[in-house]
Amino acid sequence: MASPVTERRRSRMQELLTQTEIVTFGKCEKRWEHRYVSWLTPFVESMALSMGSAFHEGLDAGNPEAAVDYLDKQDPAWGQWEDGKNRVNKAIAHTMVSAALSQWQSWPDKSEFQFQLGLPKPGTGNVSKKHRLSGVWDGVWEGSHPRFPGEVVLGEWKTASIVNNDYMQRLDIDFQVSAYLWVASKLYGKPVTKMVYRVVKKPTIRQRKNETEEEYIDRLRQDYEERPEHYLFETVVERTEEQLDEWHKQAWAVHSRMLQIKRGDVPAIKNTQACLSRGRCPYFDLCVGAVTEDAFKRLKTKHREIN
């Protein structure tokens, strides 16, 4: 076992590897290269990303006003939206956080728990000299979950436009769930196999013609109060130790492929099927040569979500 001094030196030499980065790599290697090798990002954060961040801020604070405060601080990014749209989005964020806090009474002992852990090679235990796993759990119950007393249980909170059977069934193979449970098992020194997964659906009603913003916001809040079963979902996702071992092998393979691209041994492959799938890729114009890298902001840190 490495000494504490050796471990600290090693950690300073390793790049952090997050689940968000791994997911981006899975979508498109070229998109990953733009974002995580060149550190390029659009000057203006997308509305969907801002809303998701605001939702988490509100839950972490236990106060829907914190979601609104987060959006207020996003200027000039939010300055592109007209005042009316801005007010509606703030009301949506406030309503979604309020609905979640009202629906679920049990919340974790720890929230926004940041972790780091070396990535060992499967079968050998030799830790990668290049990458160190890092991320943030939305929450951790350390034995206090009412349904699973004495067990360590993770929590994950999401917002989504569509929540159907396919969405929930996909959680059985979701890479993030496996990643976080694998890391938790290592950090706690025992199997951690359960994650409470909560999803709040985005509004399914739209502003009517001739309806004022205030009237729409009132109707929106009433809809969440009267139809919680339509908007709020919770499930417990579990993994076997065999499934977590399989994730570990996949994560090592992804890590190895990333290093090959960075070394210039192989090119980053463009997945053109992902360019316009579920929205327009923010790097589409760069890939087709319509703009240069000057059209993007170069970040000062690789992972904005990690402090």
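## A buried tyrosine and its partner

Y224 is buried, with 4% relative accessible area (buried is under 20%, exposed over 50%, partly exposed in between, with a 1.4 Å probe and protein chains only). This is a predicted model, in which local features need pLDDT of at least 70, side-chain atom pairs count only at pLDDT 80 or more, and totals for chains, interfaces and linings use all residues. Residues are numbered from 1 along each chain as its sequence is written, and side-chain values use heavy atoms, with hydrogens and water left out.

A pair of aromatic rings is described by the distance of the centres and the angle of the planes. Rings of Phe, Tyr and Trp (its six-membered ring) pair if their centres lie within 6.5 Å; planes under 30 degrees apart are stacked, over 60 edge-to-face, and the rest tilted. W157 is buried at 4% relative accessible area. Y224 and Y231 form a stacked pair, 3.8 Å centre to centre with 15° between the planes. Y231 is buried too, at 0% relative accessibility.

## Helix 9

Helices (H or I, at least four residues) and strands (E, at least two) are DSSP runs, numbered from the N terminus. Helix 9 has 14 residues, which at 1.5 Å a residue should span 20 Å. The end C-alpha atoms of helix 9 are 20 Å apart, in agreement. The expected span is 1.5 Å times one less than the number of residues.

Which residues of helix 9 are buried? They are Y216, I217, R219, L220, D223 and Y224. These residues cover an arc of only 165° around the axis, so they sit on the same side of helix 9. The arc is that of the directions from the helix axis to the C-beta atoms. The face turned away from the buried side carries the exposed residues E225 and E226.

## Salt bridges

A salt bridge is a side-chain nitrogen of Lys or Arg within 4 Å of a carboxyl oxygen of Asp or Glu. The count by this rule is 17. In one of them, R257 bridges to E29, with the closest N and O atoms 2.9 Å apart. R257 lies in helix 11 (residues 241-263) and E29 in helix 3 (residues 29-37), so the pair ties together parts 228 residues apart in sequence. E29 is buried, at 14% relative accessible area.

E213 and R87 meet in another salt bridge, at 2.6 Å from N to O. This pair also links distant parts of the chain: E213 is in helix 9 (residues 213-226), R87 in helix 6 (residues 83-103), 126 residues apart. E213 is partly exposed at 22%. R87 is partly exposed at 43%. R227 pairs with D223 at 2.8 Å, N to O. Here R227 is partly exposed at 28%, whereas D223 is buried at 11%. A network of salt bridges links E15, E21, K262 and K302.

## Aromatic pairs and charges over rings

The model has 11 aromatic pairs. The ring centres of W107 and W157 are 5.3 Å apart and their planes stand at 75°, so this pair is edge-to-face. It joins distant parts of the chain: W107 is in the loop between helix 6 and strand 3 (110-120), W157 in strand 5 (residues 152-160), 50 residues apart. W107 is partly exposed, at 25% relative accessibility. Ring pairs also link F113, F115, W137, Y180 and Y188 into a cluster.

A charge sits over a ring if NZ of Lys or CZ of Arg is within 6 Å of the ring centre and within 35 degrees of the ring normal. R198 lies over the face of W107, 4.7 Å from the ring centre. R170 lies over the face of Y167, at 5.4 Å.

## Strands 3 and 4

Two strands pair if DSSP finds at least two bridges between them. Strand 3 and strand 4 (residues 127-142) pair in the antiparallel sense over 9 bridges. The bridge partner of F113 in strand 4 is W137. The hairpin of strand 3 and strand 4 has 6 residues between the strands, and G123 there takes a positive phi near 90°.

Which residue of strand 3 is involved? It is E112, with a positive phi near 50° although not a glycine. E112 is partly exposed, at 35% relative accessibility.

W39 also has a positive phi, of about 65°, and is not a glycine. W39 is found in the loop between helix 3 and strand 2 (40-41). W39 is partly exposed, with a relative accessible area of 28%.
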